[in-house]
Structure formats: structure tokens, C-alpha cells
Amino acid sequence: MDQEGRSMLGSRRTAWAVAVVAVLAIAAGVALVVVRLGGDSLDPGFVAEGTSGTAPEHEVEVQLPIGTVRLGSGAPLDEIAARRVGRDGDGSVRAAGDAAIVPVVWSFRPSLSYDDLLGYPAVFSLALSAGGERTELGEQDVDLHGAVDSGRLPEGSLIAVVAGDGGDLAVEVTYEDQTQTAAMATEDVAPGRAAALYPDGPVSYGPGERCDARTTDGARSLDAGHDSIYCRIEPLTRTPYLPDLGWAEEGRVWSTVDVLVTAPRRLRWLPTGGRYRVEREPVTVSLDGDEAVRTPRAPDPAATTWRGTWVFDSPAEPPDLSLHVTAPMTAVRSSTATDGPATVPFGIDQTFSLKR
């Protein structure tokens, strides 16, 4: 082969080599693009701590027996900066296929003081549902003591990828096996058994009358010395959940009330100065004529202060609430005394109208 032929052959080989390299480069480039897009796309179910940097578009409050969970969701996104979902680099990531990226925030505000909440489980769980798919967001174990003392609310901020366009996004809040569902677009809540907590959590009703532990004329002449003859009816609280009883049936609530009664073991009859001992009968409490489903243990016979909690199973929408309390006591004259009445009845036998 002459020189010209060899030159043409070399040129063709070079051209083919360049073409092959170009094809391989293009192929490699396509492959890299596929890998890069596959690596940077987020499938439904992806969840990471992060924020979109914009204010929530929808907000809703879900009431729990221990407080309020405030939920917010941002406008669905097709893509988001990689750094906002914990990825390296300055680029962005996209939702895979027809999925959507949704920013979600939550915060928790206790509704009662820490002492009131002792014994209540302090854990609730969150989940998202959209496009027929559900994503668990895990349990939130809130520090009630820290929240009450510091005033700093437990909170979280998440980026989640959901199936569909995110228009039907719902957040599920589960507390003690009962789930409430918040539809974010409409800001409506399906509360189930927690319905009695709305709009503001557990509701308290105070007695309209003062408690009087001296309900007989003769009791006005009894001297307790440095002690007291006293009673107090605490506000009655209505809630659908109690730690030891669980959730009330739908359409029902637990009504709880504390009653305190004090009287010394011995008294004096003022007209004569004679000494009397105090005998008492059990304290009874009824609500709208119904007996309690849980009563306190019998007090120590030697105690001078008796406090207990009564719990009633009540309709969620009751008529006017009426609480009747009896705590009969009798002052009995000493066997060595002859002056004054042999017995002086006193104590509580009173009906209280409860007002919100």
C-alpha cells in the first residue's frame, strides 16, 4: 500500500476512533445523567429533617388529652435544594415520577400543668397520607416538665415526599391507640373519640356555691380550736381520656372531681366548753344523680383531712351539671360530761350547680 493509501486508512481509523470515543462519551454521559437523576430523585416515603424556608400554607390544631399539636404544611414542591434535605452540594433534588415534596412542621403545647399531667403518657406519633400511600413519621416523646418550666415548645420540621400532587395531604396524630386525622387542605380534623376535647382541650366546671361543712344550727357552736371544719369542691374536669381508664366510649367523657373535707378528731361545745369526739360517715358524691365509676380508697380513720377523687362516666353533651356531696359527721359528747347535747350533727349535705 502506498503512502497515500496508508494515510487515508490512518485518517479513517482516527475518525472511527473519534466516533467511537464520542459515542462512548455520549453513552457514558447518558449513563451519568441517569445515575445522577436516579440518585437525586426522591421517592414517596422519603422523610428528612429540614425546612423549605417558607411559611406554612395550611395550619391546623389537633387536641390531645395532654395538650395541643399544631400542624403546618407548605405548598407541594417539584424540587428542593439538596442542602435542605441533608444532601451535599449546591444543587437540587426532585420528587420522583408524579410524587410531590411537602414541607411539614409541628409543635406541641401542654394544656395542663406538669403536676396535672403526672401519670399521662407523653408520647404521640405522626404519620402522613396522600395519594393512597401512608408514611410513618415516628413517635414524638415530648418533655412535658421541660416544656412547662421553660416555656419552650417541643417542635419539629420535616421534608417528606408523598404520592400524587400532595393536594389530599393528611396528617395523622395518634395518642394511646386513638388516631385523629387532619386534612391539611381544608384544615378539618376527624377527632373520633377525642371529639370532647374540642375546641380547647379538657373542660372544667366550677361549683356555683361555696361548700359549707356546718349544715346544722348546732354546728355553729362547735369550736375546732387551731384546726378547722372546712370543705372544698375543686373544679370538675371533663375529658375523654384518663391514664388508668383509657378512652371513654364515643359520645361519652370521664368527669373527675376532687373533694376535700377537714375536721379535727375532737371539738369543744362553746356554750359549756365540753369536749366532744368526732365520728364520721363515708363521703359520697353523685353527678346528675349517677354514682361514680371510680371512688377513692377509704380514708385513715385517724385522719383529720380527707381528700379524694371521684370519676363519672358522663354524656359528652350533658344537661346542666349538678353535683351532690354528703359528708355526714357527728360530734359526740364525752361520757364524763353532762352539759350540752349528747350529739351534734354537722358536715356536708349539699348540691352544687357546676358552671363552666
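A: A salt bridge here is a side-chain nitrogen of Lys or Arg within 4 Å of a carboxyl oxygen of Asp or Glu. Keep in mind that this is a predicted model, in which local features need pLDDT of at least 70 and side-chain atom pairs count only at pLDDT 80 or more, while totals for chains, interfaces and linings use all residues. Residues are numbered from 1 along each chain as its sequence is written, and side-chain values use heavy atoms, with hydrogens and water left out.

With that rule the count is 11 salt bridges. One of them pairs Asp 212 with Arg 220, whose closest N and O atoms are 2.9 Å apart. Asp 212 counts as partly exposed, at 28% relative accessibility; buried means under 20% relative accessible area, exposed over 50%, and partly exposed in between, with a 1.4 Å probe and protein chains only.

Another salt bridge links Arg 232 to Glu 234, with 2.8 Å between the closest N and O atoms. Both partners are partly exposed: Arg 232 has a relative accessible area of 29%, and Glu 234 one of 23%. Salt bridges with shared partners also bring Glu 59, Glu 61 and Arg 70 into one network.

Next comes the pair of Arg 193 and Glu 249, whose side chains meet in a salt bridge at 3.5 Å, N to O. Arg 193 lies in the loop between S13 and S14, and Glu 249 in the loop between strand S19 (246-247) and strand S20 (252-262), so this pair ties together parts that are 56 residues apart in sequence. Helices (H or I, at least four residues) and strands (E, at least two) are DSSP runs, numbered from the N terminus. Arg 193 is partly exposed at 25% relative accessible area, whereas Glu 249 is exposed at 52%.

In the loop between S12 and S13 you will find Glu 187, a residue other than glycine with a positive phi, near 60 degrees. Glu 187 is partly exposed, with a relative accessible area of 38%. Asp 177 has a positive phi as well, near 70 degrees, and sits in the loop between strand S11 (170-175) and strand S12 (178-183). With a relative accessible area of 74%, Asp 177 is exposed.

Contact means heavy atoms within 4.5 Å. Among contacts between residues at least 6 apart in sequence, 70% join residues at least 24 apart.
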